[in-house]
Amino acid sequence: MLFSVDVAASMGYPVQSSLRLFRHPEAYRWFLLLTFLMGLPVFVKAGIRALLISRFGIEGYGVYLSALSLGSWLTYGIILAAYGYIFRKHIYPLAERLEKEDYFHSIGPHP
């Protein structure tokens, strides 16, 4: 979540507004999902490692490295796609709705 706040700040959005938006209960649950997805590659690699070692033994080390590399690329691609989807379909519409409800009005200027 804080990474997203930093990205938003680098794009010119006020830090306090971004923090308030991302801590909103509707947005926060999506950040929990993204956190789960970011931990997913560890479990994918462990599963691939266990499967390949049980099937090929240590002799299949080249296959093992290739499969781990492919698994990493796929899971990180899924994470990136999920991040974009969640922001486009959930976070941006929430921000627009909250802006109309004057949700950010009580936030002072950024120091």
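Tutor: Let us begin at the surface of this predicted model, where F3, V7, M11 and Y13 make a nonpolar patch of about 460 Å².

Student: What makes M11 count as exposed?

Tutor: The relative accessibility of M11 is 56%, and the label exposed requires a value over 50%, so M11 counts as exposed. This residue, M11, lies in the loop between α1 (2-10) and α2 (15-22).

Student: Turning to the rings, how many aromatic pairs does a search of the whole structure find?

Tutor: The search finds 5 aromatic pairs.

Student: Why is the pair of F31 and F87 called edge-to-face?

Tutor: The ring centres of F31 and F87 are 6.0 Å apart, and their planes stand at 85 degrees; since a pair needs centres within 6.5 Å and the edge-to-face label needs planes over 60 degrees apart, the pair is edge-to-face. Because F31 belongs to helix α3 (residues 25-56) and F87 to helix α4 (residues 61-100), this pair ties together parts that are 56 residues apart in sequence.

Student: How do you know that F87 is buried?

Tutor: Its relative accessibility is 10%, and buried means under 20%, so F87 counts as buried; F31 is buried as well.

Student: What makes Y83 and F87 a stacked pair?

Tutor: For Y83 and F87 the distance is 4.9 Å centre to centre, with 25 degrees between the planes, and planes under 30 degrees apart count as stacked. Y83 and F87 are 4 residues apart in helix α4, which means that about one helical turn separates them.

Student: Which residues form the aromatic cluster?

Tutor: One aromatic cluster is formed by F22, F31, Y83, F87 and Y92.

Key
Residues numbered from 1 in each chain as written. Predicted model: local features only at pLDDT ≥ 70, side-chain atom pairs only at ≥ 80, totals over all residues. Heavy atoms only, no water. Helix = DSSP H or I, 4+ residues; strand = E, 2+ residues; numbered from the N terminus. Buried < 20%, exposed > 50% of the residue type's maximum accessible area, 1.4 Å probe, protein only. Patch = residues over 30% accessible without salt bridge, like charges linked within 9 Å, V, L, I, M, F, W, Y side chains within 5 Å. Areas by Shrake-Rupley, 256 points an atom, 1.4 Å probe, with all protein chains shown as cover. Salt bridge = Lys/Arg side-chain N within 4 Å of Asp/Glu carboxyl O.
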